[in-house]
Amino acid sequence: MKTENAFQIKQLNLHYGAKQALFDIAMDIPKNQVTALIGPSGCGKSTLLRSLNRMNDLIENCRVEGSVKYEDYDIYDQYYDVINLRTKVGMVFQKPNPFPMSIFDNIAYGPRCQGIKDKKVLNEIVRKALVNSALYDEVKDRLKEAATSLSGGQQQRLCIARAIAMSPDVILMDEPTSALDPIATAKIEELIQELKKDFTIVIVTHNMQQAARISDNTAFFLMGELVEYDNTDLIFSQPRKKQTEDYITGRFG
Amino acid sequence: MKYSKRKKIDIFYQGIITLIALIGLFLLIAIFGYVFKQGSGLLSWDLLTSDYYATTYDTYYIGDLGDTIYERPSNLDDSVYFSSKWGIGLTSALDNEGKPIILVAYIDSESPLNSLPDKNNEGEFVRITENQALGKVIFSNYTIILSSEGPENAANLFNQANGIIDMITTTSGKGIRGSILTTLYLIIMTLVIALPVGVFSAIYLHEFASKKSKIAEGLRRLVEMLTGVPSIIFGLMGAAVFIPFTSTITAADGGNLISGALTLAVIVLPVIITSTEEALKVIPDDFRQASLALGATKTQTTFKVVLKSAIPGILSAVLLSVGRIIGESAALIYAVGTAIKDKVILTERSTSLAVHIWSIMAGETPNFELASAISIIILMVVLILNLLVKVVAKKLSYQGGKKT
């Protein structure tokens, strides 16, 4: 069976002012799989991730050429509805960033912004999101408490729950475990394995073991260019390029 | 061991600097101490709640007085003479011109004097209260109280009489209730006008305008410029623009509270814009990104997340503005006027507390004592506001620190 693609990226060039950050990127991101983006700092992997839900729009002087197709529509089309795109393509950031509100309000924030006001519907959405993010048992009795009272790992899972509550198709994760301890990291990785049944996941990570453990496909970036993109097992066992091999064996980066 | 010459000179300079600092500190304390000493005697609940202008009542009492004997309360001062028949305590005092007068020092709550028919207004009633001065009193036995004869004699005459044909009393006046009301009106109206404009301007500047925007740049320059303009110039602007404006749309004629509030709104606008923008700067970009990544629109992000976190900053802007409004005088002299009023009407002239001070000091007989008392009230309020700002600001920075 042919796997469908969530994203089709073609000839993507991205500039921050005079500096070019991405060079002619072309890759397909398959649905319901975990795709990891790896590479040394400043290689453009986060930039690529953020161009998938157009978060780069927030940066002034950012210019994008080429096309990123999501469900056969070019998301960089002038008339493409970015707000709508972001409800379908959720994002989890490097640092846990829950809003300074209660746990419940954090998760209900997205649906409320979509105009859902019915208390019963919201309750169900929040419960489901918490169950799916494996946080429900830990917080079910303290939904009214401030989200900042949770531990770092819990906060990050809350951020995942917040993204899930929008019932998106894709979840983008920008080094979601880099600020967490190993136990919290293990929980998030476990969660990602669960989530992949329902969502397409694109994850940026600095940790190569993590990429090897959780991803189906891995893309290696260097200096804004896509060096190698293949099945994760192949990348880590028989890399075709010398640079990839050097990086994953820890010779640089 | 001896100090070197350089060390000695150093000690000398250090001493001089410390001395100058101490002199400055002493001067500040001395000024506040002097004002406090002058005004504290007048500070009382009566000052805050009574009218500025004295009111004269003309009353009488005819009817059965009954046999009630009122008891002299034990805490009454020895200088008070008490009439047990009418339940009234009298004491002596001096009026503004130094003439002796008889003051009501105590009224029993059961006394018939609590409700006497008003001769000037048919059907109305007058209540004799403490601090009213007794004018002429003619009793039904044709004895007459003269204020020059003192409270002891007056109390005796009260005890002998069974009815009052005519009694004239005067309230003491010199209260600042009207000016307090004016100040409150100005605070509320100014904030209602300036707060939305200021907060929205700050949101535009920090959240919506692009960094290269010419409008934003111009607005920022303007705000900086306005902060340094002396308030008397705003007052002139109020007189030149807002008074004609309010006179056209309301029944106002000349200075009024609405034009005053508009003028003050212009004065506090820079404060509100600057403080709100500062508060917005503190909010981490993480929140905005998280909200936008959830498919929230820019306005939803601004009002549901950003503004909510900026509330402590906006609150401190409000407190600073209130302090500014209470302390403002020059601008209000033009925009609202200098006529002290007991009955505050939005479309008429009146004085805020600060202008009240100006008014009573500008006359032929400056009332320094009352001016000092009002100064103390203003100082206290401003001091409390400043402390509140500190508390609020502390809360703001604490929240900022908690974010990872």
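Predicted model: local features only at pLDDT ≥ 70, side-chain atom pairs only at ≥ 80, totals over all residues.
Let's start with β9(A), which covers residues 217–222. This strand is mostly covered, with 6 of its 6 residues counted as buried. In a regular strand, side chains alternate between the two faces of the sheet. You can follow that pattern here: N217(A), A219(A) and F221(A) point one way from β9(A), while T218(A), F220(A) and L222(A) point the other way. Whichever way they point, all of these residues are buried.

Now look at what β9(A) pairs with. Strand β3 of chain A, residues 34–38, runs parallel to β9(A) and is joined to it by 4 bridges. Strand β10 of chain A, residues 225–231, runs antiparallel to β9(A), and 6 bridges join the two. Here L222(A) has E225(A) as its bridge partner in β10(A). β9(A) and β10(A) make a hairpin with 2 residues between them. In that turn, M223(A) has a positive phi of about 50 degrees.

Next, move to an open sheet of 4 strands in chain A, ordered β2-β1-β4-β5 with antiparallel pairing. Its edge strands are β2 (19–30) and β5 (73–74), each of which pairs on one side only. To trace the sheet from the β2(A) end, step across to β1(A), residues 5–16: these two strands run antiparallel and share 8 bridges. A handy landmark is F7(A), which has I29(A) as its bridge partner in β2(A).

Technical notes. Residues numbered from 1 in each chain as written. Chains lettered and ligands numbered in written order. Buried ≥ 20, exposed ≤ 12 C-beta atoms within 10 Å, placed from the backbone. Pairing = 2+ DSSP bridges.
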